[in-house]
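The sequence and the structure come first.

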Amino acid sequence: MVVVSLVTMLGMVAGRTAWAQPPLKEGNTVVVTPSDRVELHVNEAPLATVLRLLATQGRRNIVASPQASGTVTADLFDVKFHEALKSILLANDCDFVERGNFIYVYTLKELDEQEVATSRQVPVARLFRLSYVSAEDLLPMIEPLLSDEGTIVGTREKKVGLATSAEEAGGASLAGMDALLICDYPSRLLQIESVIGELDVRPQQVLIEATILRAQLNENNALGIDFNIVGGVDFQVLASQSPAVTDVMPGNVPNSAFPNSNYTVRTDFNDAVPNGGLTFGLIKDHVAVFLRALEQVNDTTVVANPKVLALNKQRGEVIVGRRDGYLTTTVTETTAVQTVDFLETGTKLVFRPFIGNDGFVRMEIHPEDSSGGLNEAQLPFKRTTEVTTNILVRDGHTILIAGLFRESTNTIRGQLPILGNVPVAGALFRTTTDETSREEVIILLTVHVVEPEKYADAGAGAAEDVERVRIGGRRGVQSFGRDRLALAHYHWAREHLAAGQLDKSLWDARMSLHISPTYQPAARLKEELIGSHACDKRIGSIRNFINTRLIDGGIVTRSGPPSEDESP
């Protein structure tokens with residue numbers, strides 16, 4: 001460290017103090033007024049020279065490092081001394097530190113090294129507890145802020161997801177919140193604390209409401225004409241039967257008719273038409289004609305409206321449907337192993353939201369509406385309408401995710417060769433079936449960024465609605481049922497209690513428990529009226545043994561004298 005300039009007295013002239021002035025180029029001036037204001041006009045003056053002039057003019061003790069060098073070009077008018085000093089130093093990558101009556105000038109690099117050297121004398125370890133983010137997620141963002149000597153340790157990763165077996169239940173995972181233990185200099189810890197405070201914040205939630213509309217229209221038209229012609233014998237001789245002239249079932253040909261020439265001509269197109277519609281029959285002597293016509297319209301509309309609440313950037317899934325189990329056989333060279341797999345059908349919504357700061361939400365979404373089951377061979381089949389997309393939607397708005405319109409027409413003709421092509425009369429020798437199927441699927445998505453207070457009130461209201469439904473269901477049963485009688489006595493007991501009739505209230509409470517011993521509101525009311533609990537602590541010898549050992553071993557202390565229920 002080199003002293004560039006100290007306040008030095010050069011001489012006394014006529015009772016005034018005269019200060020030595022280093023030479024400056026013509027036109028360069030440095031003046032410090034008694035009120036500690038600086039006026040400075042210099043052009044490419046050495047930094048050391050300007051510091052000496054400020055020291056002598058302002059009566060300051062300025063000590064500069066040998067590394068603090070450069071030139072100064074500035075025009076300052078009526079500024080504070082420290083402001084003038086800082087401005088000319090920062091222009092040369094320097095700064096000052098004031099300790100007592102001395103002003104020390106260093107380069108910025110030297111100041112950083114001094115800070116590290118000073119902090120090294122007081123190592124500090126600090127524990128940061130995390131509420132919403134995991135230690136594993138924060139580690140990559142905190143490590144760049146550490147000094148070369150800094151260290152960081154975080155709690156280990158926990159089991160994720162919902163466990164479906166004992167091996168996935170979490171084991172020895174930390175039950176408390178995540179934490180980071182950081183050992184570094186105090187200045188670095190302050191920066192890390194600021195970063196953690198901005199990252200460890202309560203995440204936002206979104207409410208996803210999907211509406212899946214599936215409309216299916218099937219139209220079937222069928223026409224078939226059957227006729228029977230017999231020669232040699234008529235239907236009456238054959239002892240034929242006809243249920244309401246909708247069909248004819250001839251009997252056996254009599255033996256006496258075999259020497260004659262007998263023949264029959266018949267079609268079976270009537271059987272190709274499903275039951276229902278219009279049936280017309282005519283039987284006369286040797287001829288029978290039957291006509292059946294049917295038009296069927298099947299209009300089916302399915303609306304699914306799943307709703308689910310999820311955290312920002314977290315996967316959400318809701319399934320409303322059914323599971324059909326089927327066997328899968330795996331055959332090896334020595335064994336055959338059968339396992340049970342499941343086919344899931346119904347309405348399914350899988351999504352992941354990404355909430356922005358501008359009122360928009362980016363959604364990765366997969367809505368699905370399916371139906372299916374198992375065929376005669378116990379093999380699964382599935383008909384599904386689904387879409388996977390990545391969209392951007394404004395908070396509270398509804399967007400059309402997918403629309404599908406599909407129509408298929410199937411025409412079936414069955415006829416006798418040649419005769420079926422004859423105009424007009426050909427209808428007697430053919431059957432016609434027309435099938436038209438139209439299907440339309442519309443998927444709508446509404447996204448709401450959740451305000452916790454608002455939706456907390458809505459959730460409480462929904463819970464009250466569910467309770468009203470439950471109570472309404474109870475009131476719908478017969479008046480002499482156990483539930484209705486127990487509830488009625490309980491209400492009467494509450495009314496007697498409000499009127500101050502304690503005996504009647506206790507009687508109704510006991511009647512309610514007599515009818516339904518597990519009715520908890522009546523049990524609590526009875527305990528309130530008699531002033532004691534109805535629990536029997538002597539149930540089971542093992543339980544009594546454990547309680548006795550806990551008290552005798554000092555693990556549990558008795559809060560009062562033993563009661564009758566606790567006596568052996």
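Leaving aside its neighbours within four places in sequence, which residues is Leu40 in contact with? They are Thr29, Val30, Val50, Ala74, Asp75 and Leu76, where contact means heavy atoms within 4.5 Å.

## Basis

This is a predicted model, in which local features need pLDDT of at least 70 and side-chain atom pairs count only at pLDDT 80 or more, while totals for chains, interfaces and linings use all residues. Residues are numbered from 1 along each chain as its sequence is written, and side-chain values use heavy atoms, with hydrogens and water left out.

## Nonpolar cores

A nonpolar core is a set of buried Ala, Val, Leu, Ile, Met, Phe, Trp, Tyr and Cys residues joined through side-chain atoms within 4.5 Å. Buried means under 20% relative accessible area, exposed over 50%, and partly exposed in between (1.4 Å probe, protein chains only). The largest core has 28 residues, and those touching the most other members are Val38, Leu40, Leu54, Phe81, Leu85, Ile88 and Leu89. Elements that each supply at least two residues of this core include β5 (37-46), α1 (47-58), β7 (71-80) and α2 (81-90). The most comes from α1, with six residues. Helices (H or I, at least four residues) and strands (E, at least two) are DSSP runs, numbered from the N terminus.

A second, separate core holds 22 residues, among them Ala310, Ile443, Leu445 and Val447.

## Salt bridges

A salt bridge is a side-chain nitrogen of Lys or Arg within 4 Å of a carboxyl oxygen of Asp or Glu; the count comes to 14. Lys86 pairs with Asp95, with the closest N and O atoms 3.1 Å apart. Lys86 is partly exposed at 35%, whereas Asp95 is buried at 14%.

Arg438 and Glu219 form a salt bridge at 3.4 Å, N to O. This pair links strand β24 (residues 430-449) to strand β13 (residues 205-231), the two residues being 219 residues apart. In another salt bridge, the closest N and O atoms of Arg323 and Glu344 are 2.7 Å apart. Arg323 is exposed at 57% relative accessibility, and Glu344 is partly exposed at 27%.

## Cysteines

Zero disulfides are found in the whole structure, a disulfide being a pair of cysteine sulfur atoms within 2.5 Å. Cys94 is buried, at 1% relative accessible area, while Cys183 is partly exposed at 31%.
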